Amino acid sequence: MIAEVLAGKRIAITGSTGFLGTALVERLLRSVPGCELVLIVRAGRRTTPLARAKREIFGNDAFRTLRAQLGDGFDAEIARRVQVVAGDVSVDGLGLDAEAAALVASCDTVIHSAAIVSFDSPIDVAAEVNLLGPVRVAELLRDAGSAAHLVAVSTAYVAGTRRGRAAEAALGDTPFSTEVDWRSEIAAARRARADADAASRDPEQLAIFGKEARKELGAAGPPLLAAKTEKRREKWVADRLVEAGRSRAKSLGWPDAYAYTKALAERAVLEVRGHVPVTVVRPSIIESAWAEPHPGWIRGFRMAEPVLISYGRGLLSEFPGIPEGVVDVIPVDIVVATIITVAAKGPEPDGHGVYQVATGNRNPLYYRNLVNLVREYFLDNPLYDSDGQPIVAPDWSFSGRGKALRKLQRGVKALGQAESLVASLPIRGKRAEITARLEERRDQGERALDYVRLYGAYAETEALFDDTRLRSLWDAMAPEDQAVFNLDTNVVDWRHYVQVIHLPSVVRQARVRTTGGVREGPNRYERGKRSILSPDRHIAAFDLENTLIASNVVESYSFLASRRLPDDERARFTLDMLRQGPGLLALDRRDRGDFLRHFYRRYEGAPADRVRADAWELFSLLLTKSFPAGIRRVREHRALGHRTLLITGALDFVVEPLRPLFDDVVCARLVERGGLLTGEMVDAPPTGEARAIVIADYAAAEGLSLAESVVYADSASDLPMLEAVGHPVAVNAEPKLAAIARKRGWHIEQWTKAPGAPVPILPLAPRGHRATGDDLPRPGLSGRHQLGRA
Amino acid sequence: MSRPGFVLEVDRSTPPILFHHGEGFRLEKLPPGSRVVYPAEPVAPLKDPDGAIRHALLNPVGDSQPLPSLLHAGMKLTIAMDNQAVPLPPMQKPDNRQRVIEIVLDMAAAAGVDDVELIVAHGLHRRQTEPELRHMLGDRIYDAFAPHGMLTQHDAEDHDNLVLVGRTEQGEHVELNKRAVTSDLLIYVNVNLVAMDGGHKSTMTGISSYRSLKHHHNVTGMQHSRSFMDPPNSELHNSTWRMGRLLAGAVKIFQIETTLNTDTFPSQFSFLQKREWEWSARDRASFLATSKSLEHVPPRIARSIFHGIKSPQRMTSVQAGEVEAVHALTLQNLHRQHLVPVEGQADVLTMGLPYLGPYNVNSILNPLLVMCLGLGYFFNLYRGKPLVRKGGVVIMSHPTRWEFHPVHHPSYIDFFEQVLAETTDPIEIEKKFEESFATDPWYIHLYRNSYAYHGVHAFYMWYWGAHALQHVGQVIIVGGEPRAVRRMGFKPASTLRDALEMAEDVVGRNPSITHIHNPPIFLADVT
């Protein structure tokens with residue numbers, strides 16, 4: 001009896017927070033009541049290993065049955081039987097302190113299940129965890145003189161990309177096994193990291209990252225751009241290492257870095273184990289549970305799930321695979337049962353053994369069959385799109401990997417080009433959202449491409465994993481044990497498994513729409529608006545240009561400068577401004593602060609009083625170009641008792657008439673000397689990241705919370721300010737901001753000018769406005785000082 | 001001798017009837033048996049208006065001395081005047097106000113008066129721009145007064161410059177412009193376009209405050225003004241008369257009222273004031289040319305073309321002196337031009353709404369103003385009883401675009417988007433929303449410092465139609481933008497034929513139909 005054999009035994013487990021590990025812990029606690037567990041758990045970024053174990057392991061739905069059985073005694077039972085120690089398999093000595101190391105060494109069995117399952121991890125990370133992880137465990141036990149039996153979880157795919165039977169034996173004992181020195185592979189992987197990192201710091205390369213960051217964020221200001229640039233660099237290094245892993249694995253005959261590092265690990269462990277007995281358990285593709293802890297139990301989004309959901313959503317129809325090939329899927333509970341049985345059975349006589357836990361040999365699931373089952377399921381249980389319309393699962397084309405890849409690549413490339421074209425257009429608001437949609441489509445395409453690249457090999461594998469030893473293990477089990485721990489892969493009815501157990505579970509986890517029709521209640525926009533207009537908000541800060549008013553500083557200037565010009569000079573002035581337009585626009589895009597500094601010099605010599613008086617006439621132009629819904633929103637915030645704040649690079653006299661709308665105004669001001677404006681600013685204008693500081697200082701001074709505040713802005717250069725608060729709102733966003741806002745789920749407003757508003761073609765003061773009173777000087781026209789010459 | 005207005009009964013030989021339709025026109029074939037009310041032709045103008053003005057000032061009516069004897073050196077004189085809401089369209093220069101005020105100023109100068117202030121009595125209307133003031137008063141007056149701050153526009157929210165004159169027996173606050181009521185003499189110069197204007201209403205709306213106005217600008221008052229174009233039967237006028245008499249006891253008022261003929265449109269639009277069967281080849285050609293070219297012009301351009309129209313209306317009378325005596329004469333003179341006898345009410349009243357009402361000079365006739373023009377002004381152009389029976393249907397023709405002038409009508413936008421989204425019932429609107437709009441600091445700021453109608457003005461537009469809303473069973477707008485029409489609780493129809501069919505659901509088959517061929521303006525004397 002397994003439960004009796006393991007009673008009183010102490011079992012250490014690594015990787016217990018993972019999919020397989022959690023199932024293992026649950027099963028041991030429930031079905032082997034006499035055993036004790038030592039869980040080696042890595043500390044989280046902010047959590048202790050114990051807290052992590054509580055939340056991530058015992059908080060999992062897997063413990064549903066055990067909790068029900070134990071009731072209030074659950075926590076006490078866990079406390080009595082489980083010890084959690086801090087450790088990390090990517091660190092030498094597993095990062096255990098002496099006490100913990102002794103505890104682990106004192107165990108009867110150590111189950112090593114920690115791994116980076118991701119098939120596209122960087123080569124050095126994969127090597128550190130997947131290769132060196134089990135080596136470190138074996139060394140720890142060896143050096144401590146431990147008597148423990150090491151059960152190492154590997155993968156059936158260590159057999160590599162091959163056709164035909166894959167033996168259930170140590171790799172060194174099988175034909176076609178690639179001989180490489182694992183130590184030099186590790187050294188190479190670590191070197192690859194150093195090399196990639198050095199290459200990423202190359203000035204030319206850094207310039208590219210900077211350019212990319214700028215392309216994505218626009219003029220978001222140095223700190224944000226720097227952060228983004230560094231992120232791009234890190235990603236570039238990671239991508240290089242992923243690619244390094246993939247190509248190294250391929251060159252040696254493995255589908256990916258995962259199988260490659262796992263395979264080397266098996267050899268390495270056998271090499272370093274000394275006296276420590278090692279049994280390797282090689283599952284194929286582990287998927288949701290057949291029966292234990294309950295049918296369909298799964299943890300996390302694993303390999304096949306995103307592919308399945310993408311198919312159900314109609315995004316993927318080109319997944320390569322051989323129709324008559326075998327997809328080797330194994331329910332997690334069979335793997336768990338195998339590990340426990342192996343642990344109970346103890347080491348092999350010669351100190352090392354292998355068990356392959358796979359279905360392909362006895363109960364194969366053919367790719368064609370899987371596809372049909374999935375398609376049937378989604379036709380009967382369609383997913384729904386955002387409009388509540390059912391999505392028809394596409395016809396699956398069994399194309400070869402190369403063809404599928406090329407097709408997807410073409411699509412992604414075309415979308416990428418369309419996206420960068422649209423992003424460079426001077427559009428905003430609803431039209432700019434097209435970039436967000438394009439980007440979403442490209443993301444989906446890229447993801448599909450990733451799936452094909454990563455998982456394609458698994459649907460194309462033509463290897464058959466021998467499971468004779470597993471079968472003998474099963475045959476040797478007592479009937480009572482067989483009743484509790486099922487190792488028999490023949491029990492799996494694939495139709496039932498795919499359609500009743502696995503897919504419903506996956507669909508549930510994916511949180512996709514499974515009901516049609518129009519949703520009841522407020523839609524996303526209304527919910528967003530309600531949350532923004534909650535009485536709990538503190539500050540509502542507004543940008544001015546294109547957020548509340550479709551106008552800009554150039555227009556204001558043109559109006560003020562042309563207001564008192566005679567007709568002929570107006571014409572010259574107009575031409576002059578039109579000629580300068582593109583240059584000004586380009587400067588504005590490069591750096592807002594520089595632009596304002598440069599542009600406001602035009603006010604040099606203008607009589608301050610007159611400009612201030614004329615600004616009241618400019619008010620009509622501003623109102624004509626204002627967004628009534630935006631003005632209304634400011635007033636709504638005020639009515640709710642929020643502090644309303646205008647933050648703008650526009651000049652104080654221009655925004656003066658708008659002042660009653662806000663509690664406070666932060667704007668640019670010009671120095672005045674002897675009644676004339678000098679064209680210099682009193683202080684730095686609130687642009688870019690300075691705006692984030694302005695609103696942060698304001699909140700601090702007034703004792704208000706940024707997390708409870710709202711910012712309305714239209715451009716990527718406002719990102720620092722938008723990011724500073726808890727409730728950013730993108731108004732008539734330009735393409736870059738539209739894409740960012742959509743990605744981050746920010747509230748989006750599309751505000752328009754009052755329909756029917758008169759459209760002044762040129763921002764000039766209306767004719768017939770003659771100067772009232774002859775005491776005012778007449779401006780002459782020369783160069784850029786139109787306002788100035790008295 | 002101009003021909004009087006009359007009622008035409010439509011038969012098979014009647015040509016299609018012209019309907020105004022915003023910045024355009026429609027020709028509609030009315031079912032035989034329908035009646036069309038035509039205005040009188042313009043009556044002959046005064047041959048020598050300046051002479052007539054002088055004569056009126058020297059020979060005042062009622063209990064008043066001639067103007068020169070009321071003027072003396074060292075006095076404080078204030079001249080208040082109607083704003084550009086009248087006449088419609090704005091008249092060709094010189095405006096009646098310019099003529100009258102220039103003569104008054106001459107007399108004041110002769111008497112040695114040097115403290116003279118001009119006040120544009122625009123109540124809660126928007127301020128006028130410099131070009132608008134210049135058009136109304138002429139450059140001479142403008143340049144003499146404006147630069148010195150002696151030409152002002154009444155500010156109903158400038159509480160330092162308002163004075164509570166007193167309260168009537170009914171408790172109505174009479175709160176008015178301080179300069180006007182503390183003057184030794186207040187001269188009021190008006191242009192009496194319709195019978196609603198003039199008399200005590202001039203001062204009580206033009207230079208008063210919200211606190212004062214709300215005693216007569218409210219839903220109940222309007223529902224009991226039947227119609228507000230007929231002062232003896234109008235609650236609006238009862239209230240303003242009570243308040244006006246209180247003012248007359250406190251300050252010396254010299255009222256100068258003028259009337260105009262209905263020569264409304266310049267020669268290129270002369271077909272608009274002719275009867276269709278009398279159109280000449282030239283009229284037909286200019287109608288075709290005008291309506292065809294308007295079809296190809298964006299609404300914005302069409303609007304600016306129409307707002308460029310200056311009407312050739314001319315002065316038909318001027319009377320001066322004591323307010324009530326003056327106004328009685330004014331009404332007689334108005335009726336001489338406006339009254340058209342009509343027998344009996346109809347099941348359906350049709351009307352074509354033009355591009356212009358009192359509140360959108362140089363602006364947009366937004367949906368609220370469409371409602372006010374149709375159900376307020378046109379519906380109320382009656383004496384006796386309404387042209388349409390109780391429970392009948394009003395069919396208006398107007399594009400009714402969801403368009404608002406953001407500078408002139410900011411509170412209208414919010415009224416339309418927020419208030420009407422909740423209810424269209426005037427009583428409920430008044431109860432629930434009026435106060436907050438009226439006292440809203442942002443609207444007050446825009447009214448005082450920009451060129452916006454007061455926050456509460458949008459409500460008055462809705463109240464102006466309250467009597468009609470209470471009286472009629474359904475309102476249909478032909479050619480109106482469905483979204484905007486429905487927002488107001490009305491029904492959109494794409495053709496008059498459709499509208500008449502829809503009306504049958506309310507008033508039964510083969511309804512009697514009356515169409516008012518307006519403008520030019522008339523006043524139906526319904527018996």
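## Terms and model

Two strands pair if DSSP finds at least two bridges between them. Helices (H or I, at least four residues) and strands (E, at least two) are DSSP runs, numbered from the N terminus.

The model is predicted, so local features need pLDDT of at least 70 and side-chain atom pairs count only at pLDDT 80 or more, whereas totals for chains, interfaces and linings use all residues. Residues are numbered from 1 along each chain as its sequence is written, and chains are lettered from A and ligands numbered from 1 in the order in which they are written.

## Sheets of chain B

Strand 13 of chain B and strand 20 (residues 523-526) of chain B run parallel and are joined by 4 bridges. Within strand 20 of chain B, B:Asp525 is the residue opposite B:Pro341. These strands belong to an open, parallel-paired sheet of 3 strands in chain B, ordered 13-20-15. Its edges are strand 13 (339-342) and strand 15 of chain B, each of which pairs on one side only.

B:Thr350 faces B:Ile395 of strand 16 of chain B, while B:Ser397 has B:Val478 of strand 17 of chain B as its bridge partner. Strand 16 of chain B is mostly covered, with 8 of its 10 residues buried (buried: 20 or more other C-beta atoms within 10 Å of the residue's own; exposed: 12 or fewer; partly exposed: in between; C-beta atoms are placed from the backbone).

## Domains of chain B

Chain B is assigned domain 1 (6-42 + 265-311 + 338-526) and domain 2 (49-260); the bounds come from an automatic or database domain assignment. The C-alpha centres of domain 1 of chain B and domain 2 of chain B are 28 Å apart. Their contact takes 34 residues from domain 1 of chain B and 32 residues from domain 2 of chain B, where two residues are in contact if their C-beta atoms, placed from the backbone, lie within 7 Å.

On the side of domain 1 of chain B that touches domain 2 of chain B, the elements giving two or more residues are strand 15 (382-383), helix 15 (426-438), helix 16, helix 17 (457-464) and helix 18 (466-471) of chain B. By class, that side has 22 nonpolar, 8 polar and 4 charged residues (nonpolar: Ala, Val, Leu, Ile, Met, Phe, Trp, Tyr, Cys and Pro; charged: Asp, Glu, Lys and Arg; polar: the others, Gly among them).

## Contact between the chains

The contact of the two chains takes 22 residues from chain B and 23 residues from chain A. On the chain B side, two or more residues each come from helix 4 (130-145), helix 14 (410-422) and helix 16 (441-449) of chain B. Helix 16 of chain B gives the largest share, 4 residues. The chain B side divides into 13 nonpolar, 4 polar and 5 charged residues.

## Chain A

Chain A has 29 helices and 19 strands, and 49% of its 790 residues count as buried. Of its contacts between residues at least 6 apart in sequence, 77% join residues at least 24 apart. The mean pLDDT of chain A is 82, with 86% of its residues at 70 or more; pLDDT is the predictor's confidence in each residue, from 0 to 100. Over residues 768-790 of chain A, pLDDT stays under 50, and the model has 42 contacts beyond four places in sequence for them.

Helix 11 (residues 257-272) of chain A has 16 residues and reaches 22 Å from first C-alpha to last, close to the 22 Å expected at 1.5 Å a residue (the expected span is 1.5 Å times one less than the number of residues). Of the 16 residues of helix 11 of chain A, 13 are buried. Elsewhere, strand 15 (residues 670-673) of chain A and strand 16 (residues 676-681) of chain A pair in the antiparallel sense over 3 bridges, with A:Leu670 opposite A:Met681. Their hairpin has 2 residues between the strands, and A:Gly674 in that hairpin has a positive phi near 60°.

## Backbone exceptions

Cis peptide bonds join B:Leu88 to B:Pro89, with omega about -15°, and B:Lys93 to B:Pro94, with omega about -5°. B:Pro89 lies in the loop between strand 5 (76-82) and helix 3 (96-110) of chain B, and B:Pro94 is in the loop between strand 5 and helix 3 of chain B.

A:Asn546 has a positive phi near 65° and sits in the loop between strand 12 (539-542) and helix 21 (553-562) of chain A. A:Asn546 counts as buried because it has 22 C-beta neighbours inside 10 Å. B:Asn510 has a positive phi near 45°, in the loop between helix 20 (496-507) and strand 19 (513-516) of chain B. B:Asn510 is exposed, since 10 other C-beta atoms lie within 10 Å.
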